[in-house]
Amino acid sequence: MSAAKWLNKVKWDENGLVPVIAQEASSNDVLMFAWMNRDALAKTVELGEAVYWSRSRKKLWHKGEESGHIQKVKEIRLDCDEDVVLLKIEQTDSIACHTGRHSCFFQKFEGSLNDGDWEAVDPVLKDPESIYK
């Protein structure tokens, strides 16, 4: 299959993006959610490391380019509707989140409808100030 064919199978949104879930291959923990465009997905396949599209910076973002917390891609899957990509990855230093935590999903809802709130339940593994100088 040529590069164009496999990239064309993905159902890109109106902005040319597809949502991506990064899941740790060894634990199945969901580490983060991000976006890719065609170039990011192609670069991810080429490098064997996660490359995303930064919507805020409007450029490709090689995960770990600043922090060193690279994501080695073990497997790439496309969901049944062909509009979500799942990366099974090996996370360098076990830190995926810019807050210095293992996962971006560190806040858990506790309580009830009227008195509930989000609580940080996972520890900071490394101070973000020391990661992003």
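UniProt, in an unreviewed entry, lists Asp 79, Asp 81 and Asp 83 under "binding site". The model shown here is predicted.

**The listed aspartates**
- Asp 81 has a relative accessibility of 44%, so it counts as partly exposed.
- Neighbours within four places in sequence aside, Asp 83 makes contact with Lys 11, Val 18, Pro 19 and Leu 78.

**Fold**
- The chain contains three helices and eight strands.
- Read from the N terminus, the order of elements is α-β-β-α-β-β-β-β-β-β-α.
- Among contacts between residues at least 6 apart in sequence, 42% join residues at least 24 apart.

**Dimensions and burial**
- The C-alpha trace spans about 50 × 35 × 30 Å along its principal axes.
- The chain has 133 residues, and 35% of them count as buried.

**Surface and charge**
- The chain has an accessible surface of about 8200 Å².
- Carbon and sulfur atoms account for 50% of that surface.
- The chain carries 18 positive and 23 negative charges.
- The mean positions of the positive and negative charges lie 7 Å apart.

Conventions. Residues numbered from 1 in each chain as written. Predicted model: local features only at pLDDT ≥ 70, side-chain atom pairs only at ≥ 80, totals over all residues. Heavy atoms only, no water. UniProt positions renumbered as here; feature names shortened; annotations may be inferred. Buried < 20%, exposed > 50% of the residue type's maximum accessible area, 1.4 Å probe, protein only. Contact = heavy atoms within 4.5 Å. Helix = DSSP H or I, 4+ residues; strand = E, 2+ residues; numbered from the N terminus. Areas by Shrake-Rupley, 256 points an atom, 1.4 Å probe, with all protein chains shown as cover. Lys, Arg positive; Asp, Glu negative; His and termini not counted. Charge placed at Lys NZ, Arg CZ, Asp CG, Glu CD.
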